[in-house]
Amino acid sequence: MGLISLIWGIVALLWMMVAFIPLLGWGNWFLIPFAAVGAIIAAIGLLFTHEAKRGRAKTGLILNAIVIIVGVFRLSIGGGFI
């Protein structure tokens, strides 16, 4: 689960960088739910993984949380359109 959430977070981060391009900000509307699913996968990974092996799940959770926060901020700046 940790590896899946880490890869999910990296894909979301790359997608977020594409959504920074002007007139592609609408991609954040799809990006935020995508990253939320990745955060849920990471949380499940944290619950069912031994404490010594939680690094990937924690990193995936942090990446997805950053993407969600930046995506929401970007949408709030552009009024939800840009």
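**Entry 1: the whole chain**

I began with burial: 35% of the 82 residues of the chain count as buried (under 20% relative accessible area, with exposed over 50% and partly exposed in between, using a 1.4 Å probe and protein chains only). I note that this is a predicted model, in which local features need pLDDT of at least 70, side-chain atom pairs count only at pLDDT 80 or more, and totals for chains, interfaces and linings use all residues. Residues are numbered from 1 along each chain as its sequence is written, and side-chain values use heavy atoms, with hydrogens and water left out.

I looked up the elements next. The chain has three helices and zero strands (DSSP runs numbered from the N terminus: H or I of at least four residues for helices, E of at least two for strands). The C-alpha trace spans about 45 × 15 × 15 Å along its principal axes. I also checked the accessible surface (Shrake-Rupley method, 1.4 Å probe, with only the protein chains shown as cover for residues). It comes to about 5200 Å², and 82% of that belongs to carbon and sulfur atoms.

**Entry 2: helix 1 against helix 2**

How do these two run? I found that their axes come within 9 Å and cross at roughly 165° (axes are lines fitted to C-alpha atoms, for helices over the stretch in contact, and angles run from 0 to 180 degrees between N-to-C directions). Helix 1 and helix 2 are therefore roughly antiparallel (over 145 degrees; under 35 is roughly parallel, 65 to 115 roughly perpendicular, the rest oblique). I listed the residues in contact (heavy atoms within 4.5 Å). They include Trp-8, Val-11 and Trp-15 of helix 1, and Phe-30, Phe-34 and Ile-41 of helix 2.

**Entry 3: helix 1 against helix 3**

Here the axes are 7 Å apart, at an angle of about 25°. Helix 1 and helix 3 are therefore roughly parallel. Among the residues making this contact are Gly-2, Leu-6 and Leu-13 of helix 1, and Thr-59, Leu-63 and Val-70 of helix 3.

**Entry 4: helix 3 itself**

Why should helix 3 span 33 Å? I worked from 23 residues (55-77) at 1.5 Å a residue, times one less than the number of residues. The end C-alpha atoms are 33 Å apart, which agrees.

Which residues of helix 3 are buried? I found Ala-57, Gly-60, Leu-63, Asn-64, Val-67, Gly-71, Arg-74 and Leu-75. Their cover includes helix 1 (2-19) and helix 2 (28-48). Just after helix 3, I noted Gly-79, with a positive phi of about 70°.
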